[in-house]
Amino acid sequence: MENDLPSALGPAQEPARSSRWTLRALGNRFVNGGGDRLAIWLSGLCVLHCIASGFILASMLSASTALLNPAFHEVGLILAIILGLAVLVTGARKHRSLTPVAVGSTGLAIMAYALTLPHDYREVTATIIGLSFVAVGHELNRRARRRTA
């Protein structure tokens, strides 16, 4: 009812209520589709990091120690869990399909398991498999959002 009343400020002085750049609007865009694309890209970058770390380790041992630091991987996993669950769960609420959440969560669990492995081919292999599950989960989520939009 409040919106039906004329504003005392006039149309030129009214604050923009439906601006595309408000924090809420940006958050909604992120959760409603942009987050899946970002998560897929981040999964790809993580795969590149896994592969590149081996080459860096072989060529420059001192530079690779920062990339192989367990804290780097733990922080990355925490961010992946926060981003993944935020986007996948909100998608599931919208399109009512738990398949993307199940696939993505499986990938996050595999990634967490990879942190328990020694820094060798087993960790890299498990991480890449987990990242693949996460990326597929986000792609399924993106497609389900499109179908319900």
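How many residues has H3, and how far does H3 reach from its first C-alpha to its last? In this predicted model, H3 has 26 residues and reaches 36 Å, close to the 38 Å expected at 1.5 Å a residue.

**View 1. The chain as a whole.** The chain contains five helices and zero strands. Along the sequence the pattern reads α-α-α-α-α. Of the 149 residues in the chain, 28% are buried. Among the contacts in the chain with a separation of 6 or more, 65% are between residues 24 or more positions apart.

**View 2. Helix H3 and the residue that follows it.** Helix H3 covers residues 70-95. Its buried residues are His 73, Leu 77, Leu 83, Gly 84, Val 87, Leu 88, Gly 91, Ala 92 and His 95. Just after H3, Arg 96 has a positive phi of about 60°.

**View 3. The contact of H3 with H4.** Helix H4 is made up of residues 99-114, and its axis comes within 9 Å of the H3 axis. The two axes cross at roughly 170°. An angle over 145 degrees counts as roughly antiparallel, and H3 and H4 are therefore roughly antiparallel to each other. On the H3 side the contact is formed by Leu 77, Ala 80, Ile 81, Leu 85, Leu 88, Val 89, Ala 92 and His 95. These meet Pro 100, Val 101, Gly 104, Ser 105, Leu 108, Met 111 and Ala 112 in H4. By class, the residues of this contact are twelve nonpolar, three polar and no charged. Leu 77, Leu 88, Ala 92 and His 95 of H3 take part in the contact and are also among the buried residues of that helix.

**View 4. The contact of H4 with H5.** Helix H5 spans residues 121-148, and its axis lies 7 Å from that of H4. The packing angle is about 160°, so H4 and H5 are roughly antiparallel to each other. The crossing of H4 past H5 is left-handed. H4 contributes Thr 99, Pro 100, Val 103, Gly 104, Thr 106, Gly 107, Leu 108, Ile 110, Met 111 and Ala 114. Their partners in H5 are Glu 123, Ala 126, Thr 127, Ile 129, Gly 130, Leu 131, Phe 133, Val 134, Val 136, Gly 137, Leu 140 and Asn 141. This contact has 13 nonpolar, eight polar and one charged residues.

**View 5. Residues of H4 in both contacts.** Pro 100, Gly 104, Leu 108 and Met 111 of H4 are among the residues that meet H3, and they are also among those that meet H5.

Conventions:
Residues are numbered from 1 along each chain as its sequence is written. This is a predicted model: local features need pLDDT of at least 70, side-chain atom pairs count only at pLDDT 80 or more; totals for chains, interfaces and linings use all residues. Side-chain values use heavy atoms; hydrogens and water are left out. Axes are lines fitted to C-alpha atoms, for helices over the stretch in contact, and angles run from 0 to 180 degrees between N-to-C directions. Helices (H or I, at least four residues) and strands (E, at least two) are DSSP runs, numbered from the N terminus. Angles under 35 degrees count as roughly parallel, over 145 as roughly antiparallel, 65 to 115 as roughly perpendicular and the rest as oblique. Contact means heavy atoms within 4.5 Å. Ala, Val, Leu, Ile, Met, Phe, Trp, Tyr, Cys and Pro count as nonpolar, Asp, Glu, Lys and Arg as charged, and the others, Gly among them, as polar. A crossing is left-handed if the near helix is turned anticlockwise from the far one by less than a right angle, and right-handed if clockwise. The expected span of a helix is 1.5 Å times one less than its number of residues. Buried means under 20% relative accessible area, exposed over 50%, partly exposed in between (1.4 Å probe, protein chains only).
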